[in-house]
Structures are given as structure tokens and as C-alpha cells.
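Dear colleague,

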Amino acid sequence: MPAVESPYALNDVPLRDVVSNVLSGTLSPQAILAAYQEVHRATHQRINALVQPSDSRVFLDAQRLTRMPQGALAGVTVSVKDCFAVEGLATTLGVPLRVGAVDESDCSLVSRLRMLGALVVGKSNVPQLMYLHETSNPLWGQTNHPFDSRRSPGGSSGGDAALVAAGVVMLGIGNDLLGSIRQPAHACGIAGFVPSDTILGSGDAFNTMPSQMVVRARAGFLARRVDDLAMAMESLAVCRSEPSAAEKIRVGWWLDSGPIQPSPAVSRAVEEASMRLSMSGVDIKRISGHLSIDAAWLHLAIVAADGGREVRQWLQNSRPMRDVERLLRLAALPRSVRHTVAQLAKWTGRSIEAEALRATGIRTDDEFMELVKRRELIRAQWQSMLSEQRCDVILCPVSALPAMPHGLASKLLLAAMPCFAANLLGLPCGTVPVSIVGQEEQYSRGASWDPVRQAAIKTDFGSSGLPVGVQVIGRPGGDIEVLDVMRRIERYSAEYGKSSHRRV
């Protein structure tokens, strides 16, 4: 392992080297925690991401690890999203009335990580009720992007993404229902991975929609490099990913991103990643992504089928923050008037909002079962597409946009539509950084009366230098293939000098 000259130098040390040096006694857990604390103190006021530190418990864990150095994640600092139980901390979901909901014990995933020697440093911030792709709530405040405080790190695992990107922790534990790991990883220039739905499952996370059994949030990881994600999976004995002959994997790629057209840097990142895979000998070809957009609309319809009723109940009669209230109000709009409201929105230039209104709304039990049947049809169509196109893995955008300015998430929910198909079908998926936004790529969109497109224009403007990632989606059970392709993209991105890893 290279000499650690400053706390930030641990950013550049692979997890395998950290663990090896802790187990050999070359690197002490106390030195790791001292580095973590120094970086946390230097960055906390600016990013506000680690909102519930667990200093007393983590130092006890470090002392125990010093006496008995063991575990596949020995010495790895970990932040935990505020939806997983951590003994002695509160699962607040960003709701002030839940600040007293102290966890009596660790959830299953956190418990397993501790047993492996990981140093759990505390809980990260989340959007209120995990209902936005922006990490802000009235209890803990706003989390800022680690490279631009005017922007959000995304969400709902935005707190963990900011902490990993800023070098505060080595590994973040999040979950993903609507791109909540992949979108912030893309926004912050790090790697994120969501395994197949049968591997980690929910990770025993708090579920704000317990009656929703068709699609569920899946636990996953955020880290600075793909191999760190692979090591986390291997350590939990759920997925062994040895670098393999990735050229045997067949990859299809598309640029489709839904009603919000991808920013130039987003399209370029996918094209560059496809080119680098091709140069490395991978069989790759462009295919149509229209099915992914059909799947995305269906996923959104299923998630919104109760009109936000279950999410709202966790507010305990308190008022949600403005952007959350806006989405809940739209979700609760009766289907009897949705068509009329959608028509009015279209006539007044809000065509994207009109499309979303038509696709969503409260469903009866019979109507919900029709959505479930459509999911099985899309599952069959997806498998047929892969077979006909001879593809094992899909390469596509993560989001239509780079990191968003604060306050735009409720308008730009559909920017993350490229993520939704993998959630609908329970497919392994991940994000890997490829590039940064170029100076000339900030001004490509024409003027529009549509408020969603206006928000997209505002997002592109001033985005020069921000990270851009790509998404990799696998077949059912194809977790190793996804990690292999992500690793190959990461390697070529670094070789071409386009990696978006940045030191704070």
C-alpha cells in the first residue's frame, strides 16, 4: 500500500489494500479513524452529509479490531443511509417527529458488516421520506454536492454518495427503488452497485411502503472504484467477481432517456464507454432502448398506485417539505380528474407533466393487478430483446442530466427514468464514472415554455466540470457480468484521462 501522507490519501487506496494492511498490523484502525475524523471535520460544514456520527461505538469497534484483527472488511469505514437501523442512532427518514425513534439494535446488513470488521461511522442524510432525488429535509438540513455547493449530490442515497466522493468514508450503504444509488453515484462521480433482487434483498431497511410487494427497494453499495464494490459483495459471500475475459460478454447500448433528452455530456459518456469496450475486444452494438422507457413508465405507475398514502402516514400529521408535498399532491390526484388536469397541463405548455399525470394515479385492486400483468409481459419482452439482439449486458445513461441545482428535484424526477427498468425487473445494475461535462456542453438545449425542460436547461447551465457516469444493466443473476463490464469501462476511462474521480 502506498504511504498515506494525508487523510485524503486513503481515497486512493483500494479496499483490498486497506484490509490487507490492517490484518497485517501495518495500518492501525485508530489511524484510519483519525484520518476519517480529520476529513469529516474539514468537509462537514460544506457538505452536511454525515448527520448522525457514531463516534463512541466506532472507537470501541476499532479497539476490538486492534486486539483481534480479523474480517474481510477489517478497517473499512462505512456510512449507513438513514433507513437502516444502527444501534443507538435514530431512523428518522428526515422527519422531525421521528428523531426519538432510536434503533435498539443493528439491522441485519449492518450487523454483518460489523462482524466483517467494518467501522460503521454513522448515518448519512436522506431526502425527507426518501421521496426525492435531492438530499434535504427539515430535520438535518440540506446536503451539498461535494464539488459544487450550489448543487445536490442526488438522492435518496445522496448523503452516502457525498461522503464517499469527499473521501470521508470508503464505502456507503444505500438502497435503490427509483435510481437512488445509481443517480447520486453518477452525480458525484463515484461507482454504485445494486445487486440482483435475490442477493441482498432490502438489507432489512425501513420500508415506507410496506404494502408494496411487487417492487421493493434493494440494498447496495457506493464506493470510489468498481473493485471496492466487488470486494464488498465478495465479503458478504454473495457474489464472487474475478476479473474475466469481458470480451466474451455481449453488450448492447442505447441513449434513450425518456421525455427529458439527455445532456450532450451524458450521451457522449455512453458513446465513449461503448467505444472503449469495443476497443478492448467486447462485442458491442447499438440497439433500441424504447422498451426501457415503457418499463420505466410502468414502474412509476406501480410505485405511485396508492397515491402516496403509505408514505404520507410516516409524517405523523406533520407537514412535509414543499417539494415532497408537491409530489405527494400530484400522486394523490384522483384518476377521475387526472385526464382533465393532464389536458390542461398540455394546453399550457407542460407536456412532460401531462404525460406523467396520464401514466400514474391511484389504482383499484383490479387495476393494480393489470399493472402486475404488464410487468410480466415486459419481463418476457426484455428477455426476448436480449435474445434477439444477442446481448448479455446493457449500457445506457443513468440520468438525462448531471448533478442538479438545489430545488429542482421535484420537477426533474423523470430525469432518472433510465434507472427504472432495472428496478421493475429486479436486475443487477450499476453506475461507473466516465467523464466530466465539457465547457461547450452546457448550452445545447433550446428555449422552452415547459417548466421541466426549463429546469433541464438550468441544470445544464454551469455544469462544466461536473462528473458524468454510465449505467450497466445485467441479466437476471448476471451480477458478475455487470461488475466485469463496469471494471472494464473504469479502466479505460482512467487510461484516457477522463475519470471523474476528484479529490476534495
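The lining of the second largest pocket draws at least two residues from each of α9, α10 (309-313) and α14 (365-389). Please bear in mind that this is a predicted model. The second largest pocket holds about 270 Å³ of space. It is lined by 16 residues, and those closest to its centre are Ser211, Gln212, Ala305, Asp306 and Phe368. Sorted by class, this lining comprises eight nonpolar, three polar and five charged residues.

The largest pocket has a volume of about 830 Å³. Its lining is made up of 43 residues, with Tyr131, Leu178, Leu300, Val303 and Leu413 lying nearest the centre. At least two lining residues come from each of α9 (290-303), α11 (322-332) and α13 (351-359). By class, the lining of the largest pocket contains 24 nonpolar, twelve polar and seven charged residues.

I would also draw your attention to Glu134, which sits in the loop between β3 (119-124) and β4 (136-137). Which side chain of opposite charge is nearest to Glu134? It is that of Arg322, 7.8 Å away. Glu134 is buried and has no salt bridge. Leaving aside residues up to four places away in sequence, Glu134 touches Pro127, Gln142, Ser152, Gly154, Gly155, His406, Gly407, Leu408 and Ala409.

With kind regards

Technical notes. Residues are numbered from 1 along each chain as its sequence is written. This is a predicted model: local features need pLDDT of at least 70, side-chain atom pairs count only at pLDDT 80 or more; totals for chains, interfaces and linings use all residues. Side-chain values use heavy atoms; hydrogens and water are left out. Helices (H or I, at least four residues) and strands (E, at least two) are DSSP runs, numbered from the N terminus. Buried means under 20% relative accessible area, exposed over 50%, partly exposed in between (1.4 Å probe, protein chains only). Lys and Arg count as positive and Asp and Glu as negative; His and the chain ends are not counted. A salt bridge is a side-chain nitrogen of Lys or Arg within 4 Å of a carboxyl oxygen of Asp or Glu. Contact means heavy atoms within 4.5 Å. On a 1 Å grid over the protein atoms alone, a cavity is a set of points where a 1.4 Å probe fits but cannot get out, and a pocket is an open set with protein on both sides within 12 Å along at least five of seven lines; lining residues have an atom within 4 Å of a point. Grid points are joined across faces, edges and corners, and a volume is the space filled by probe spheres set on the points. Ala, Val, Leu, Ile, Met, Phe, Trp, Tyr, Cys and Pro count as nonpolar, Asp, Glu, Lys and Arg as charged, and the others, Gly among them, as polar.
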